[in-house]
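Q: Please take a close look at one part of this model. Keep it brisk, and stay with how the pieces are arranged.

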Amino acid sequence: MDDIKLFARDDNGLRTLVDHVERFSDDIGMQFGYQKCAKLSARRGKLIWTGPVPTLESEINELDYGQTYRYLGFPEAGGIDHACNKSIITAELHRHLKLVWGSLLCGQFKVKTKAEIAQFDVTVRKTLTAAKSHHPRSAIERLYLPRKLGGRGLLNIEHLYHRRLILLSHHLQSSRDDLVQACCELMMQFPPRKSLLSKVDDVVSSLLLTDVLNYEVGQLKTAVIAAQRKKLQSVLCDKPLHGKFFTFIQSSTIDADQVLCTRVYQAKIMHTPIQSILCRLCQEQEETIQHILSGCPVLAPTSYLRRHNMVGRVLHLHLSKSFKLPISAKCWYDHQPLPVVENEIVKVLWDFGLYTDVHVSSNRPDIVLFLKKEERIIFFEVACPADINVLTKE
Ligand SMILES: [Zn+2]
């Protein structure tokens with residue numbers, strides 16, 4: 001017996017009820033926690049003060065004006081104190097956010113009235129930005145997309161709220177209880193903006209969902225989550241710069257936020273007045289991340305070649321280990337491939353020009369593997385293309 005509420009017509013009635021509970025508690029060997037109890041009197045819906053209720057051993061104090069007591073974890077007075085509940089939830093959310101984002105956990109593990117709910121998400125984003133975990137000009141939609149779709153998998157409180165609304169309205173509208181049905185009909189007659197059902201209609205139409213009532217509860221939840229993701233993706237893909245990568249991964253088969261301080265970023269995102277958006281090295285093409293990573297002719301013979309050879313080294317080391325060939329180092333970054341290494345099973349050539357009967361312009365494959373017993377030759381060509389050129393290179 002816990003969290004019990006007693007209702008009586010007047011103080012005398014309440015005294016009798018308290019007396020019963022007290023005797024019953026004694027009979028079953030339970031202590032009556034007077035200090036945790038509170039008394040409240042109301043006349044015609046207004047709180048009045050009629051004094052404490054005496055008990056056999058002590059008395060139950062009356063709540064003062066503005067005071068609340070906790071019932072099932074929520075502060076209540078004449079009813080549930082929504083304002084107090086809201087400030088407690090907000091303070092708790094801030095506390096959790098500070099705890100999580102102030103911790104040394106890496107990014108992927110940190111993740112946990114309409115305008116007010118949207119404000120929660122704004123507060124979360126501000127906290128992330130203050131903790132240097134979210135760039136202020138970064139795409140918001142990407143934060144809320146699941147990780148498997150290239151997002152950061154953060155929970156959007158507004159989406160959660162919308163989902164609850166839709167499920168609640170589905171529950172009410174598909175209920176067979178006459179009273180619930182009557183309530184729904186009444187809600188339909190409310191002025192459009194005020195009823196739950198009309199709010200749900202707005203949310204459902206913004207998500208382009210139809211025939212919501214035909215869904216099973218489980219299916220509906222999945223459908224709403226999918227529609228919310230689809231909406232996020234479409235908004236993100238419409239963004240000229242942030243959406244570039246997402247449009248690409250949707251049409252075919254990686255930092256996508258474009259927040260490195262390239263000239264294009266300075267001009268198009270930060271709107272800094274700069275003279276040219278052409279690459280500072282080659283002065284030929286726009287200075288974007290894609291260009292710096294894999295499109296600049298000045299970097300091609302130096303940095304790109306070095307990167308290409310590094311990838312080749314990893315491959316060469318793994319081949320050498322697999323076929324038990326002598327290796328100079330255990331780690332790929334210390335590994336210096338020799339032009340020719342062989343044993344009784346295989347021969348591996350590294351960046352070795354091959355003589356052919358017929359003229360072949362590319363006669364210097366990165367790695368050539370001769371399988372002696374099987375009399376087979378395997379050529380390895382390494383390429384490090386930009387995301388958008390992967391298919392062409394393949
Ligand atoms: Zn360049």
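In what order do the four strands of the open sheet stand, and is the pairing parallel or antiparallel?

A: This is a predicted model. The open sheet has four strands, and their order is β7-β8-β9-β10. The pairing is antiparallel. In general, strands of a sheet pair through backbone hydrogen bonds. Here β7 (340–342) and β10 (376–380) stand at the edges. Each has a single partner strand, so one side of each is left without a neighbour in the sheet. Direction ignored, neighbouring strands are turned by 15° against each other on average.

Now take one pair. Strand β9 (residues 367–371) pairs with β10 over five bridges, in the antiparallel sense. Within this region, V368 stands opposite F379 of β10.

Next, the helices. Helix α5 (residues 157–173) meets helix α7 (residues 196–206): their axes come within 9 Å and cross at roughly 120°. That angle makes α5 oblique to α7. The crossing is left-handed. On the α5 side, the contact uses H162, L165, I166, L168 and S169. On the α7 side it uses L196, L197, K199, V200, V203 and V204. By type, these residues of the α5 and α7 contact are eight nonpolar, two polar and one charged.

Helix α5 also meets helix α8 (residues 217–237), with axes within 10 Å and a crossing of roughly 150°. The crossing of α5 and α8 is right-handed. H159, R163, I166, L167 and H170 of α5 make this contact with V217, L220, K221, V224 and Q228 of α8. The residues here divide into five nonpolar, three polar and two charged.

Conventions: Residues are numbered from 1 along each chain as its sequence is written. This is a predicted model: local features need pLDDT of at least 70, side-chain atom pairs count only at pLDDT 80 or more; totals for chains, interfaces and linings use all residues. Axes are lines fitted to C-alpha atoms, for helices over the stretch in contact, and angles run from 0 to 180 degrees between N-to-C directions. Helices (H or I, at least four residues) and strands (E, at least two) are DSSP runs, numbered from the N terminus. A crossing is left-handed if the near helix is turned anticlockwise from the far one by less than a right angle, and right-handed if clockwise. Two residues are in contact if their C-beta atoms, placed from the backbone, lie within 7 Å. Ala, Val, Leu, Ile, Met, Phe, Trp, Tyr, Cys and Pro count as nonpolar, Asp, Glu, Lys and Arg as charged, and the others, Gly among them, as polar. Angles under 35 degrees count as roughly parallel, over 145 as roughly antiparallel, 65 to 115 as roughly perpendicular and the rest as oblique. Two strands pair if DSSP finds at least two bridges between them.
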